Amino acid sequence: MTAMTVTTTSSVSLLSTPLDLDAAAGSRQQQLLARFKRAILDGQLPPGSRLPATRSLCTELQVARNTVLAVYEQLVAEGYARADRQGTRVAALAGAATRFVQPSRPDSTRQSRRVSTMTPTRDAGDRTLPLTPGMPALNRFPLNAWLRAQERALKRAGPMALAYGDPLGEPALREAIAQYLRVARGVRCEAAQVVLTEGAQGALSLCVRLFANPGERAWLEDPGYGGVRAAFHAGDLKIRSMPVDGEGIVIPARAWRSPPRLVHVTPSHQYPTGAVLSLPRRLELIARARECGAWIIEDDYDSEFRHRGHPVPAMQGLVPDAPVLYVGTFSKTLFPGLRIGFLVLPQSAGAGAWPALAELLRGGHRLEQLALAEFMAGGQFARHLGRMRRLYRERQQALREALQAHLPGYEVWGGDSGLHLTVRLPLDWPDTAVSTAARAAGMNVGALSSFSALPRQAASNGLVIGYGNTSSEQFAPLIRRLAQVLRRAGKG
């Protein structure tokens, strides 16, 4: 017989090795099937070779003949082998003689060009560590009230809560969000204008798909939220970074000669500097966008947690039917794992967008959406926000006192809203190195420069220090430890 009609010595040895009797290794049938597949794909059993006789294999492996027969049948069913009158032989598979080895280098040519344009933003690190920016006080979330809201939602909806829902989101939740935004944020909207998304990131991606074409221009704040840069890159947009000062985004007049299609801003609480976009700049941005047919994406980040003065109303409600796509999320007000965000479309944009939305979205997370509608309608959401505002105000004050005691003389940005403060560092102390050292010391502070696409400079060199997930009594020892990290960085 030729080598193509009999099993090789090495393959016989492989298949005759005793099977593992440990239950964790799987059943004997599973183990034997896996061995055959591996031997065929690795080329140890070449195409056309005959598999061992079932009776002899049963004797060698001490397994029932039905086990071997079942394995052979499965190999034939999956296309690894073919059966004929002469027995069961290995099928001819494309590439079967090539071992499946992990390549030494990733093949970047097989990725889309847009992937190569995406650069990593801040490494989130261990979000359970104290001083993590943007992480709310999860241990203060009213879990029992949330569970009761879920139970009520499930009882009302029954099994239909498990089905597909409205592509735009559950009507009850859209109505609750619209009501909240009108009262609390001054947004001009009805429930029909609200679209539920997979967090704020889903809303940003939806804005790009609905309102921009590949190759069109998009502007964003720098430093700013890395997620919007990723969404713009994914849409193949030409991105331009605009600097930020104490009054928010700075757009040179000459920039409007080549107007954008999209402009992303965080006007109520610029992330991560904490600046508030001034009223003159808001009105000018709206007027300019209207003139050139651009859309403003208003990301109302952290607007709910205003700690000084009265809440700053949303830019969307300043003028009727402003060219503003309003984006929000419940990641900070409730918990990040909820993954419910929303997009408020202007009435002028709605008519053309609805058919596309019905095709792009499928509806889902019905139980979570219905539970959130119950949570808001029952007053639990408003009560939770009130408790969290007081808590975060206290924690920010404790952080400020610790900074004053252990890091005096450092300029602190932000604080009017949100869950973090930003501390500027001298340019000769690279914030990325300080952030890495701080993380090794058990503090997950962020490097300000990691939020910027521009070269590191004095305006973007600092630390972003979160206080949402850190209790007040922890700040003094933590900032004392951070001061030690900074002293070591200064000596280096």
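Reply: Happy to. Arg-82, Asp-84 and Arg-89 are linked in a network of salt bridges, where a salt bridge means a side-chain nitrogen of Lys or Arg within 4 Å of a carboxyl oxygen of Asp or Glu. This is a predicted model, in which local features need pLDDT of at least 70 and side-chain atom pairs count only at pLDDT 80 or more, while totals for chains, interfaces and linings use all residues. Residues are numbered from 1 along each chain as its sequence is written, and side-chain values use heavy atoms, with hydrogens and water left out.

Arg-89 is buried, at a relative accessible area of 10%, whereas Asp-84 is partly exposed at 33%; buried means under 20% relative accessible area, exposed over 50%, and partly exposed in between (1.4 Å probe, protein chains only).

By the salt-bridge rule the count comes to 16, and two further pairs are worth a visit. Arg-281 and Asp-245 meet at 2.8 Å, N to O. Arg-281 sits in helix 10 (residues 279-292) and Asp-245 in strand 5 (residues 238-245), so this pair ties together parts that are 36 residues apart in sequence. Helices (H or I, at least four residues) and strands (E, at least two) are DSSP runs, numbered from the N terminus. Arg-281 is partly exposed, with a relative accessible area of 22%, and Asp-245 is partly exposed at 32%.

The other pair is Asp-416 and Arg-308, whose closest N and O atoms are 3.1 Å apart. Here distant parts of the chain are linked: Asp-416 is in the loop between strand 11 (412-413) and strand 12 (420-424), Arg-308 is in the loop between strand 8 and strand 9, and the two are 108 residues apart. Asp-416 is partly exposed at 26% relative accessibility, and Arg-308 is partly exposed at 37%.

Now for a charged residue without a partner. Glu-304 lies in the loop between strand 8 (295-299) and strand 9 (324-329). Glu-304 is buried yet has no salt bridge, and the nearest side chain of opposite charge, Arg-185, is 5.8 Å away; for charge, Lys and Arg count as positive and Asp and Glu as negative, with His and the chain ends not counted. Leaving aside neighbours within four places in sequence, Glu-304 is in contact (heavy atoms within 4.5 Å) with Tyr-180, Thr-333, Leu-385 and Arg-389.
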